[in-house]
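Hi,

Here is the structure I promised to pass on. Have a look at it first, and then read my notes below.

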Amino acid sequence: MASAGDPPAGPRDAADQNFDYMFKLLLIGNSSVGKTSFLFRYADDSFTPAFVSTVGIDFKVKTVYRHDKRIKLQIWDTAGQERYRTITTAYYRGAMGFLLMYDISNQESFAAVQDWATQIKTYSWDNAQVILVGNKCDLEDERVVPTEDGQRLADDLGFEFFEASAKENINVKQVFERLVDVICEKMNESLEPSSSPGSNGKGPTVGDTPAPQPSSCSC
C-alpha cells in the first residue's frame with residue numbers, strides 16, 4: 001500500500017512544477033529482465049506478466065517525499081536489445097541514478113552486468129549512483145544466480161545490491177527509495193564547503209566520489 005508520502009503517479013505528476021528537486025533515473029539491463037514490470041509496479045502499483053519488449057525508450061514520472069523535500073522522479077525505461085543501444089546510451093548523460101537489473105533465473109543477463117556497468121562509466125556522469133538489482137526473486141525454483149554472486153559482483157563494482165520481485169512487489173519501493181536517498185546524500189556532500197566543486201550550473205549534483213556501499217537485504 002502506498003504511504004501518504006507517496007502520491008500516485010499520473011498526468012498531474014508530469015505537469016507538476018512544484019518540487020524541490022528533479023532526479024533523472026534510468027533502468028538498464030538485458031531484454032526481458034523485467035525493467036518495464038519493475039517500473040510499472042513502482043509508478044502505478046500494477047503488474048502485467050505479458051509486457052512487450054520496450055522499443056527504444058519510455059518513461060514515467062513519480063513525485064515522492066524524502067528528507068522533507070518534494071522530489072520529482074523522471075524514470076526512464078530503456079530497451080535492452082543491442083539494436084537500440086545507440087538510442088538508449090544517449091539518455092545516460094544527465095542521469096543521476098541507475099538501476100542495473102538482471103534476472104536471477106537467467107545467467108546470461110547476469111553475465112552482461114559488467115558490460116552494462118561499463119556503459120554507465122562510459123556515457124554517464126562520473127557521480128551517477130548505481131544500484132544492482134537481481135529481479136524475479138520469486139522464481140526461487142528457477143534460480144541460477146546465487147544471491148552471494150550478486151552481492152560479490154556489486155561489491156566489486158562499488159554498487160549497492162538488492163534482490164527484488166516486481167511480480168510479488170518485493171523490495172521495489174525500497175530499491176527506488178534507497179537510490180533517491182543515496183543521490184540526496186551525495187548531493188548534500190557536494191554542497192558542503194569542503195567538498196570539491198561538482199556543479200555545472202544545471203541543477204543539483206551528486207558527489208564526485210562514491211561512498212563505501214553497505215550490503216543490502218535480499219528477499
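I'd start with β5, because seven of its seven residues are buried and the strand is thus largely enclosed by the rest of the structure. Keep in mind throughout that this is a predicted model. Side chains in a regular strand alternate between the two faces of the sheet. In β5, Gln129, Ile131, Val133 and Asn135 point one way, while Val130, Leu132 and Gly134 point the other way, and all are buried.

What does β5 pair with? β4 runs parallel to β5 and is joined to it by seven bridges; Gly97, for instance, has Gln129 in β5 as its bridge partner. β5 also pairs with β6, again in the parallel sense, over four bridges, and here Val133 stands opposite Phe162 in β6. To get from β5 to β6 the chain passes through α6, and this β-α-β crossover is right-handed.

That brings us to α6 itself, which spans residues 147–157 and has Gly150, Gln151, Leu153 and Ala154 as its buried residues. These cover an arc of only 165° around the axis, so they sit on the same side of α6. Glu148 and Asp156, on the other side of the helix, are exposed. And what do the buried residues of α6 pack against? The list is β4 (97–103), α4 (107–111), α5 (113–123), β5 (129–135) and β6 (160–163). Just after the helix comes Gly158, with a positive phi of about 80°.

Helix α2 (residues 35–44) is another one to look at: eight of its 10 residues are buried, so the rest of the structure largely encloses it. The buried ones are Lys35, Thr36, Ser37, Phe38, Leu39, Arg41, Tyr42 and Ala43. Asp45 follows α2 and has a positive phi, near 55°.

Now for the charged pairs. Side chains of opposite charge can pair when their charged atoms come close. The count here comes to 12 salt bridges. One of them is between Arg66 and Asp181, at 2.7 Å from N to O. This pair links distant parts of the chain, with Arg66 in strand β2 (residues 57–66) and Asp181 in helix α7 (residues 172–191), 115 residues apart. Is Asp181 buried or exposed? Asp181 has a relative accessible area of 11%, so it counts as buried.

Glu140 is partly exposed, at 44% relative accessibility. Arg143 also meets Glu163 in a salt bridge, at 2.9 Å from N to O. Since Arg143 lies in the loop between β5 and α6 and Glu163 in strand β6, the pair ties together parts that are 20 residues apart in sequence. Glu163 is buried, with a relative accessible area of 0%. Elsewhere, salt bridges that share partners join Arg66, Lys173, Glu177 and Asp181 into one network.

Finally, the overall picture. The protein has seven helices and six strands, and along the sequence they follow the pattern α-β-α-β-β-α-β-α-α-β-α-β-α. Of its 219 residues, 48% count as buried. Among contacts with a separation of 6 or more, 74% are between residues 24 or more positions apart. The protein exposes about 10800 Å², and carbon and sulfur atoms supply 50% of that.

Cheers

Definitions and conventions: Residues are numbered from 1 along each chain as its sequence is written. This is a predicted model: local features need pLDDT of at least 70, side-chain atom pairs count only at pLDDT 80 or more; totals for chains, interfaces and linings use all residues. Side-chain values use heavy atoms; hydrogens and water are left out. Buried means under 20% relative accessible area, exposed over 50%, partly exposed in between (1.4 Å probe, protein chains only). Helices (H or I, at least four residues) and strands (E, at least two) are DSSP runs, numbered from the N terminus. The arc is that of the directions from the helix axis to the C-beta atoms. Contact means heavy atoms within 4.5 Å. Accessible areas come from the Shrake-Rupley method with a 1.4 Å probe; for residues, only the protein chains shown count as cover. A salt bridge is a side-chain nitrogen of Lys or Arg within 4 Å of a carboxyl oxygen of Asp or Glu. Two strands pair if DSSP finds at least two bridges between them. A crossover is right-handed if, with the strands pointing away from the viewer, the path from the first strand over the helix to the second runs clockwise.
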